[in-house]
Amino acid sequence: MSLLFLAVAVSAMPVQATTGPDRLPTAQDGDEIIVEALRIPRSKLPTGVYWNDMGRLEAKVDQEQRRLYFRCALSFSDPLMLRRVVDGEPNGAMATHAQGHIVLKGRACQPGLSFIAKVSTEYPNVIDYGRRPQDRGAIIELALQRYSPDATLTAAETQDPVVQQRYRQREYARNRLRLPADRNAWLVTSCLVREQPELATRLTRAQPGSNLERGLIQTMLVEGRTCLGGVKRLTVEPATYRPYIVDAFYRWVVAARNVASLIPAA
């Protein structure tokens, strides 16, 4: 199994831990237990979760800079453009153009950030700046924080047949333009949020790059392993995984509330 953010770790060696907790945590456990479970030897996990730590610091810095950049950029962007990015078709012309517009709007923001070096005059068209999934993920997360900071999901909602049917009818059509790897990642994370909505809710609020974020990711993958197609060992890059979970969480909230968007029309 090879996904955009999940890959079978065939060459990874299990951690030879001799001490640590043995009980697998669930969504009912508190943050301390979720974090402590990172010490469980992978040999005791139904699905061994490994971390792609190459460039971890660089990824964390990039993630923080991206959030700062778009927090400023969104202050210059009208709700219509934001709705087109968050609620539009991924890779669709309108959504991609709107995302590029927001990216370019932010060029005056935080000029000391190295992230802005990637936003140059390299591309001739606005739409060329609207293709990065990581940017889209940051925009969706900030939109959630701004317009629905208390958004939650429960198993009662995501297991409701009416909500599930509504989600399928909306999302399978809306995501038809995703590229294959991107679509696979979307399908897996949509399943994970459906199966573990409480953990997904907590993940959207966890500090990026924190041990709690990692603990929640591990618990979500282990508890939601039916979504992984029987994979026993996989490698995760949290900075890539998180935007997909946030995106899927947003879409399930919209379906549960039976609204078109969480962003006001004007």
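Modeller: Asn91 sits in the loop that runs between helix 3 (79–87) and helix 4 (93–105). The model is predicted, and what follows should be read as a description of that prediction. Most residues other than glycine have a negative phi. Asn91 is not a glycine, yet its phi is positive, at about 75 degrees. Its relative accessibility is 38%, so Asn91 counts as partly exposed, the class between 20% and 50%.

The protein chain contains 11 helices and 3 strands. In sequence order the pattern reads β-α-β-α-α-α-α-α-α-α-α-α-β-α. Of the 266 residues in the protein chain, 50% are buried. The chain exposes about 12,400 Å², with 54% of that supplied by carbon and sulfur atoms.

Two pairs of residues give examples of parts that are separated in sequence. Glu64 belongs to helix 2 (residues 56–74) and is partly exposed, at 36% relative accessibility. The C-alpha atoms of Glu64 and Pro208 are separated by 8.0 Å, although the two residues are 144 apart along the chain. Tyr244, in helix 11, is buried, with a relative accessible area of 6%.

Helix 9 (residues 197–205) shows how the helices are packed. Its buried residues include Pro197, Leu199, Ala200, Thr201, Leu203 and Thr204. The buried residues of helix 9 pack against helix 1 (31–36), helix 5 (133–147), helix 6, helix 8 (180–195), helix 10 (211–223) and helix 11.

The aromatic rings come next. A pair of aromatic rings is described by the distance of the centres and the angle of the planes. The count comes to 3 aromatic pairs. One of them is Tyr69 with Phe70, an edge-to-face pair at 5.2 Å centre to centre, with 85 degrees between the planes. Tyr69 is buried, at a relative accessible area of 0%, and Phe70 is buried at 0% as well. Tyr167 and Trp252 form a stacked pair, with 3.9 Å from centre to centre and 5 degrees between the planes. Tyr167 lies in helix 7 (residues 161–174) and Trp252 in helix 11 (residues 238–257), so this pair ties together parts that are 85 residues apart in sequence. Tyr167 is buried, with a relative accessible area of 3%, and the value for Trp252, also buried, is 3%.

Arg42 lies over the face of Tyr50, 4.3 Å from the ring centre. Tyr50 belongs to strand 2 (residues 48–51), where Gly48 and Tyr50 point one way, Val49 and Trp51 point the other way, and all are buried. Strand 2 pairs with strand 3 (residues 233–236) in the parallel sense, over 4 bridges. Within that pairing, Gly48 stands opposite Arg233 in strand 3.

Last, the confidence. The mean pLDDT of the protein chain is 86, and 85% of its residues reach 70 or more. Confidence is highest in helix 6 (residues 155–158), at 98, and lowest in strand 1 (residues 6–7), at a mean of 44. Over residues 1–19 the pLDDT is below 50, and in the model this stretch has 50 contacts beyond near neighbours in sequence. Where pLDDT is low, the predicted coordinates should not be read in detail.

Methods
Residues numbered from 1 in each chain as written. Predicted model: local features only at pLDDT ≥ 70, side-chain atom pairs only at ≥ 80, totals over all residues. Heavy atoms only, no water. Phe/Tyr/Trp six-rings, centres within 6.5 Å; stacked < 30°, edge-to-face > 60°. Buried < 20%, exposed > 50% of the residue type's maximum accessible area, 1.4 Å probe, protein only. Helix = DSSP H or I, 4+ residues; strand = E, 2+ residues; numbered from the N terminus. Lys NZ or Arg CZ within 6 Å of the ring centre and 35° of its normal. Pairing = 2+ DSSP bridges. Areas by Shrake-Rupley, 256 points an atom, 1.4 Å probe, with all protein chains shown as cover. pLDDT = per-residue confidence, 0-100. Contact = heavy atoms within 4.5 Å.
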